[in-house]
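Please look over the sequence and the model before reading on.

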Amino acid sequence: MKHFANFSKVVAAGALAVAMSSAAMAADGLNFPNLTYRTGPFAGTGTPIMNGQRDYMLMLNERDGGIGGVPVDYIECETGYNTNKGVECYEKTKGDALVTQPWSTGITLQVMPRTNVDRIPILAPGYGFSPMSDGNTFAWAFNPPVSYWDGAYMILDYIAKGDMSSLKGKKIVLLHLDHPFGKEPIPLLQKLSEMHGFELVPVPVGLKEMQNQSAQWLQIRRERPDNVVMWGWGAMNAGAITEAVKTRYPIENFIGIWWSGSDADLQNVGAKAKGYKSISFNVPGNYPVMDDIRKHVVSKGKSHVKSDADLDTVFYQRGIILSLYLAEAAKTAQEHFGVKNINPEQLRWGLENLNITEARLEELGMKGMTPPLQMGCDNHTGHAGAWMLEWNGEEFVRVSDMLKPDRELIKPLELEKAAEYAKNNAPWPGRGDLACN
Amino acid sequence: METLYSVFIDPFVQMFELPDFFLQVLWEGLVSGVLYSLIALGFVLIFKSSRIFNFAQGIMVVFAALSLVGLHSFLVPFVGNEFVAAAIAMPLTLGIMYALAMGVERMVLRPLVGQPDIILFMATIGITMFLIGFGEFVFGGENKVMITEALGIPTGSIEFEPFGGFLLLEEKDVFAVVMAIVLVVSLLVFLNKSAMGRAIRALGDDHTAALSVGISLSTIWVLVWFIAGVIALATGIVWGARAGVSFALEVIAYKALPVLMLGGLESVSGAIIGGIAIGLLEKIFEIYWGQPLFGGNTETWFAFIFALIVLLFRPQGLFGEKIIERV
């Protein structure tokens, strides 16, 4: 018993030492929490992306000693894509955090008011609330490189082959998750429908129906739409593509948003889904940066990926791009303020002044992997553009030139909805004391 | 007037005008109903023998399917043949489900004997949390493809042209219906004709009386949890064949709740008839009333409303036992 007591003391002392050293490390490094969802119904979407995000940060630590010589503390807090757990994770990780990455439109909307008070930037790349682009209203929120409204416009532009008037008289189904994320493109699509005379038919998919969408696809069979646009996440994507194949819907007329284009979603139907398309702000390929990740992370057994083939997937490489935005913003802030250990406010400045040029992408070994991106005070999205990818039966390949959103059309709607949000959440601080420079 | 027309006339006009489409709706409803019945059966069996509402039934579906797919992918490089690997993976998965049943009985149920029902219910939530974490740790969270062809499940489709229209039956859906029927009949025979089956029913009727005649609580609990594991595996295979294997399969367990409300928690036949009734009715309602009148997605709530209405008239469910407690 005495030995056991001594042993307990040693263990306790050891644990305390480890905890203290971890805390010290956390204080010394760049603390980048990520509110991940590697479990639950949406894990199929989350896991490869989070693997990519994590591996890029680990690679920077291994290869460069971090960012500007400061190691990155990449911390994951598991939410299971559940909004309540997401808010808990935000509260739990915000202490030393330089940023929060909420990873769902629902969580983003919940934590957004808190980040104004806590003065922590939100990085919600490719998701969140489209009006977040208005930096004068949402000073602490960023959603590069394109918003959902940009995505909706670009998909329709692709369908219309650049001539939106050709959509007149057509019927377009929006198959969407019945969730804030899935409903996000509806205001813009309704506006486009009124402008260009096509019929928009929203078809919601409930959380419990994601794996059995027979009712939704019976409706699609009855409606006979010219095109189906999908706003799906997680298991909904595989469920929809399987049903589309089953009901003999012309698969080439089926296009998904960028979260509906994971290689894993297509494995269930394989070659039968040849022709399915998904818009994407990254193109998978064997870029020089991948060699560095293989060398510094994967070959050392530090990655969570199960096989080398996982590194070539759209979503894994998208995870790399998302971490790139954060790393480059931190570097921008370090250089501007002349400090290595930046604070959240300085990182916010770095995000607002982020400029990833073609030359910089080439320098990073990522040329062609993602569009160049420049953000600004009134542009927290960048609206960089995207490409259309097509499933060739085995993998996604690029089938379009760069697509661009019509900013003249979308921006007024963003400003209107941003003002509406600020009014509904008054007193909303807006830019407050933050100068635009 | 227009509303009355769309509620009382138009749906029936549509059914009459497009009879092939109506048949397709009925088939899809039947398939969904059979699958709901399978999930509900797992709940009923455990409740019948131990009065525990097993919250972990949904994650058991995921865990069983992940084990089968995971073992198969692990074995393929060693045996070099997909079919042989599946033939080995299947009994190994059943072994895992048996080990899980043993573990649950030894580590969770046995120490809690005599505790209130709510404690046992909470314990099954604990089992759920454990299986989510353990499953994610071992198999990862990525979507996986069910080994449909290696298991010999047909993947083609059968097409008909009734009334000059088009009706399509997926062979794997036909397989699911046939498998569910075989499973249910076997279960009914086992429960009614075998000594073990009678012991399960006796335990469900009265724990103390069953124990007094020498029925082993531990053996029966292990057996029942194992059978629930087998049902979970069957459910995982047929649902996984439809849209892949992922943690999202857990969510479908919630579809069994209205089935249980309707059929009664103790009734095997209630689970089957309740499941098929809900599958058919929610599909018909969604297509002919839900989508035109409510904008769709009525499957989320229709079954609960329907079950609540039934409960107003039969609080024990359609097939549940009416319990009279004397004070």
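UniProt positions are given in the numbering used here, feature names are shortened, and annotations may be inferred rather than shown by experiment. The model discussed is predicted.

Q: Which residues of chain A does the UniProt annotation "domain: Leucine-binding protein" cover?
A: The annotation comes from an unreviewed UniProt entry. The span in chain A is 42% helix and 14% strand, and its end C-alpha atoms lie 33 Å apart.

Q: Which element gives the most to the side of chain B that touches chain A?
A: Between the chains, 33 residues of chain B are in contact with 36 residues of chain A. The elements of chain B that give two or more residues to this side are α2 (19-50), α5 (117-139), α9 and α11 (268-294). The greatest contribution, five residues, comes from α2(B).

Q: How do the residues of the side of chain B that touches chain A divide?
A: The side in question belongs to the contact of 33 residues of chain B with 36 residues of chain A. Its residues in chain B divide into 13 nonpolar, eleven polar and nine charged.

Q: Which element gives the most to the side of domain 1 of chain B that touches domain 2 of chain B?
A: Chain B is assigned domain 1 (56-245) and domain 2 (246-320), and 19 residues of domain 1 are in contact with nine residues of domain 2. On the domain 1 side, α3 (57-79), α6 (171-193) and α9 (217-243) of chain B each supply at least two residues. With six residues, the element that gives the most is α3(B).

Definitions and conventions: Residues are numbered from 1 along each chain as its sequence is written. Chains are lettered from A and ligands numbered from 1 in the order in which they are written. This is a predicted model: local features need pLDDT of at least 70, side-chain atom pairs count only at pLDDT 80 or more; totals for chains, interfaces and linings use all residues. Domain bounds come from an automatic or database domain assignment. Two residues are in contact if their C-beta atoms, placed from the backbone, lie within 7 Å. Helices (H or I, at least four residues) and strands (E, at least two) are DSSP runs, numbered from the N terminus. Ala, Val, Leu, Ile, Met, Phe, Trp, Tyr, Cys and Pro count as nonpolar, Asp, Glu, Lys and Arg as charged, and the others, Gly among them, as polar.
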